[in-house]
Amino acid sequence: MDYRKNEENRQFSLCLECGDKIHYGRTDRKFCCESCKNRYNNRKSRDSRNAKLRIINALYKNYKVLDRMLKLGLESMDLTELKHLGFDPAFVTSYRKFRRHDEFCCFDIRFIMTPNKIYSVSRLHGSLDTDNDADEQEKSLHSHPESNK
């Protein structure tokens, strides 16, 4: 058998990372070297991780805006005003059809959203106020039974 003929007729595949021809190894090889393989896989996982972080940050921003509304005693607000404050209506943690309304939640804050307005903003029953609970837990951790005598 003449191996040089097979080498001349061989179709070279291209590295998925750098685009160079792969001159050696199996014909279905995807990367020219280990560093290209690592760079490709790291980039893929970084893109996925960044997408998750963008969603988490949007949810956190929505929560802060809604929590501020509750602290100010506001039960409703115009959606355009909320968008100026950083609220993005595309990011919520849950949704359900409740009677004739669409009810949304952002973690433990429930609200009804129309195309122009958010109203009936309230905390879910049984939810914990994290700021007060954290303070109480910290006090209980630092207090000893002997120190109260």
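Phe107 is partly exposed in this predicted model, with a relative accessible area of 47%, where buried means under 20% relative accessible area, exposed over 50% and partly exposed in between (1.4 Å probe, protein chains only). Residues are numbered from 1 along each chain as its sequence is written, and side-chain values use heavy atoms, with hydrogens and water left out. The model being predicted, local features need pLDDT of at least 70 and side-chain atom pairs count only at pLDDT 80 or more, while totals for chains, interfaces and linings use all residues.

The structure holds 5 aromatic pairs, a pair being counted if the ring centres of Phe, Tyr and Trp (its six-membered ring) lie within 6.5 Å, with planes under 30 degrees apart taken as stacked, over 60 as edge-to-face and the rest as tilted. One of them joins Tyr63 and Phe107 in an edge-to-face arrangement, at 5.8 Å centre to centre and with 80 degrees between the planes. This pair links distant parts of the chain, 44 residues apart, since Tyr63 lies in helix H2 (residues 34–71) and Phe107 in the loop between strand S5 (101–106) and strand S6 (109–113); helices (H or I, at least four residues) and strands (E, at least two) are DSSP runs, numbered from the N terminus. Tyr63 counts as buried, at 18% relative accessibility.

Phe104 and Phe111 form a stacked pair, with 5.9 Å centre to centre and 20 degrees between the planes. Phe104 is buried, at a relative accessible area of 12%, and Phe111 is likewise buried, at 0%. Together with Phe87 and Tyr95, these two residues form one aromatic cluster.

Over the protein chain, the secondary structure comes to 4 helices and 7 strands, which run α-β-β-α-β-α-β-β-β-β-α from the N terminus on. Of the 149 residues of the protein chain, 21% count as buried.
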